[in-house]
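Please examine the sequence and the model shown below.

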Amino acid sequence: MRLLQNLFGREPSSLAVYKKLGYRNDQEGILRRFLREEEGWRAHLEHSKQSIREFYAGKNYKSIAILGSGWLLDVPIDDLLRDFEHIYLVDISHPRQITHKYRHAHNLHFVECDLTGGWARHIYRCVYEKKFYTSADVFDCTPQKLSLPQFDCVVSLNLLNQLDGLLLDAMEDCMVLTDSEIERFKTLVQTQHIQFLSNYKYCLISDCEQISISKIDNSREEKSLVFTPATLPPLRHEWLWNFDSQGHYQSDTIVQFRVKAFF
Ligand SMILES: C[S@@+](CC[C@H](N)C(=O)[O-])C[C@H]1O[C@@H](n2cnc3c(N)ncnc32)[C@H](O)[C@@H]1O
């Protein structure tokens, strides 16, 4: 059926687009890395959960959206189920195990959407459907307004630099982008996300710097992961996430992230 649709020139389904761009693999990779690195991840996940609890404590919000909910590793889900009338979990694709586990939770709603407002499909078209394209095509996108349910407050959860990162990975497999084009793309996508959040009471939790420590000579490199001039709410907490101790992410390298919570 899908093949026939493509023969007649119909758009591929969102599922097919997101799968081809690697979102499903990336999500499965997160779970695999968590299982390998559970010890190092524990403090990060607890800091994230605690920041969310503090963000909404005493505010009397009735509904909350969690953007980038994924496997709920960093979500204090039992507290949210107790404290909110409606919880919206938003992700480009929800793991089936999670939708199944919570299928009877009457106040939990799963929303699937591309939180970049359409950059994913646009990049898919550039990379996989156009025979000849230039880097100018990449920037020729007017993101759509996100149509999400009404909610009182929102948490952007370890998502910000994923929004540009996976799309850049797909692009860089097929084309050469200059450093300034890469920076322009990151800035565009991240700024748009902060502008979207600014319509709400929000909490932003994001890895802001990557720290790479060589296992060979102990040399250390730090790079920023946040590329937006947008004003953020006050910085409330900051911690180190021991992301990869075994060199799977970068060979012979220990990778940590400096994570910050703003609300
Ligand atoms: C690093 S994970 C955050 C951890 C996650 N809360 C968990 O426990 O698995 C980022 C999440 O953002 C989602 N994501 C990435 N890009 C997205 C996009 N454009 N729109 C919506 N969700 C996206 C991924 O599918 C993933 O579940």
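A residue is called buried if 20 or more other C-beta atoms lie within 10 Å of its own, exposed if 12 or fewer do, and partly exposed in between, with C-beta atoms placed from the backbone. The model is a predicted one, in which local features need pLDDT of at least 70 and side-chain atom pairs count only at pLDDT 80 or more, whereas totals for chains, interfaces and linings use all residues. Residues are numbered from 1 along each chain as its sequence is written.

Asn 158 is buried, because 24 other C-beta atoms lie within 10 Å. Asn 158 is located in the loop between strand 4 and helix 9; helices (H or I, at least four residues) and strands (E, at least two) are DSSP runs, numbered from the N terminus. The backbone of Asn 158 has a positive phi of about 50°, although the residue is not a glycine. Most residues other than glycine have a negative phi. A positive phi, of about 65°, is also found at Asn 218, again not a glycine. Asn 218 belongs to the loop between strand 5 and strand 6 (220-224), and it counts as exposed because it has 8 C-beta neighbours inside 10 Å.

Two residues are in contact if their C-beta atoms, placed from the backbone, lie within 7 Å. Ser 206 is part of strand 5 (residues 201-214) and counts as buried because it has 23 C-beta neighbours inside 10 Å. Between Ser 206 and Phe 243 there are 37 residues of separation in sequence and 13 Å in space, C-alpha to C-alpha.

How is the packing of two helices described? Two packed helices are described by the angle between their axes and the distance between the axes. For helix 7 (residues 119-129) and helix 9 (residues 160-174), the angle is about 5° and the axes are 10 Å apart. Axes are lines fitted to C-alpha atoms, for helices over the stretch in contact, and angles run from 0 to 180 degrees between N-to-C directions. Helix 7 and helix 9 are therefore roughly parallel to each other, a term for angles under 35 degrees, while angles over 145 count as roughly antiparallel, 65 to 115 as roughly perpendicular and the rest as oblique. Helix 7 contributes Trp 119, Ala 120, Ile 123 and Val 127, which meet Leu 167, Ala 170, Met 171 and Cys 174 of helix 9. This contact comprises eight nonpolar, no polar and no charged residues. Ala, Val, Leu, Ile, Met, Phe, Trp, Tyr, Cys and Pro count as nonpolar, Asp, Glu, Lys and Arg as charged, and the others, Gly among them, as polar.

Not counting residues up to four places away in sequence, Ile 123 touches Val 138, Leu 167, Ala 170 and Met 171. In the largest nonpolar core, which has 53 residues, Ile 123 is one of those that touch the most other members, along with Ile 64, Ile 66, Leu 67, Val 155 and Cys 203. Such a core is a set of buried Ala, Val, Leu, Ile, Met, Phe, Trp, Tyr and Cys residues joined through C-beta atoms within 7 Å.

Around the ligand there are 22 residues, of which Gly 68, Gly 70, Trp 71, Leu 73 and Leu 115 come nearest; a residue is near a molecule if its C-beta atom, placed from the backbone, lies within 6 Å of it. The shell divides into 12 nonpolar, seven polar and three charged residues. Helix 9 supplies at least two residues of this shell, as does helix 3 (23-36).

Finally, Glu 46 occurs in helix 4 (residues 38-56) and is partly exposed because 13 other C-beta atoms lie within 10 Å. Its C-alpha atom is separated by 8.6 Å from that of Pro 76, 30 residues apart along the chain.
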